[in-house]
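Here are my notes for your first read-through. Keep the structure open and follow the points in order.

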Amino acid sequence: MTHGMRADTYSPYSDGDRGWRDTATRYALVPLRIFLGVTFIYAGLDKLTDSAFMKDAGAGSIGDMMRGVRDSSALPALVDMALENPVGFGYAIAFGELAVGIGTLLGLLTRLAALGGALISLSLWLTVSWAADPYYYGNDLPYLMGWIPLVLAGAPLLSVDAALRARRRQRTAEYR
């Protein structure tokens, strides 16, 4: 049997396991939520306010962008669907990004918002940024990976979801 001193048994904090590491662990997803929420809100607003983007054709238009990536995408059929109505697709992406960003930032239906963000990022990775070589030059894959922890964990702190969960617990406790 080996004897030794355990360095992790002593905590300088009076409440034991409530040290800075535990606090950092509990709040670890908050910066990710803020970054993804603000970024997706910005992306949606940027698309909606760009007069050139929401057009079927022309410099900087969604139509020309989709036609330009069609042959290099992993799923040309997905691009073809978008090309049936490029302006409608542009609005769908913009409003989807806004909804995802607002939900993520507020922590409202966070897992659902994160799943929406992951699906938007996945579709953009498989179409727009698929041809990036090497693959890590494309920006949509890191966004997809950023959404996964929020799909799995939701927003347990500083969120509307957490406030609603606490309210449900309080009501349940009152009925017992």
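1. Salt bridges come first. This is a predicted model, and a search of the whole structure finds five salt bridges. Side chains of opposite charge can pair when their charged atoms come close.

2. Look at Arg-67 and Asp-56. They form a salt bridge, with the closest N and O atoms 3.9 Å apart. Arg-67 lies in helix α3 and Asp-56 in the loop between α2 (29-49) and α3, so the pair ties together parts that are eleven residues apart in sequence. Arg-67 is partly exposed, at 38% relative accessible area. Asp-56 is also partly exposed, at 42%.

3. Arg-67 has another partner, Asp-64, in a salt bridge of 2.9 Å, N to O. Both residues lie in helix α3, three residues apart, about one turn of the helix. Asp-64 is partly exposed at 34% relative accessibility.

4. Now find Asp-71 and Arg-70. Their salt bridge has its closest N and O atoms 3.2 Å apart. Asp-71 is exposed at 68% relative accessibility, whereas Arg-70 is partly exposed at 28%. As for shared partners, salt bridges join Asp-56, Asp-64 and Arg-67 into one network.

5. How do α3 and α4 pack? Helix α3 (residues 62-69) and helix α4 (residues 76-84) meet at an angle of about 155°, their axes 10 Å apart. The two are therefore roughly antiparallel. Gly-63, Met-66 and Arg-67 in α3 meet Val-79, Ala-82 and Leu-83 in α4. These contact residues divide into four nonpolar, one polar and one charged.

6. Ile-62 touches residues including Phe-53, Pro-86 and Phe-89.

Key
Residues numbered from 1 in each chain as written. Predicted model: local features only at pLDDT ≥ 70, side-chain atom pairs only at ≥ 80, totals over all residues. Heavy atoms only, no water. Axes fitted to C-alpha atoms, helices over the stretch in contact; angles between N-to-C directions. Helix = DSSP H or I, 4+ residues; strand = E, 2+ residues; numbered from the N terminus. Parallel < 35°, antiparallel > 145°, perpendicular 65-115°, else oblique. Contact = heavy atoms within 4.5 Å. Nonpolar A, V, L, I, M, F, W, Y, C, P; charged D, E, K, R; others polar. Salt bridge = Lys/Arg side-chain N within 4 Å of Asp/Glu carboxyl O. Buried < 20%, exposed > 50% of the residue type's maximum accessible area, 1.4 Å probe, protein only. Lists of a residue's contacts leave out its neighbours within four places in sequence.
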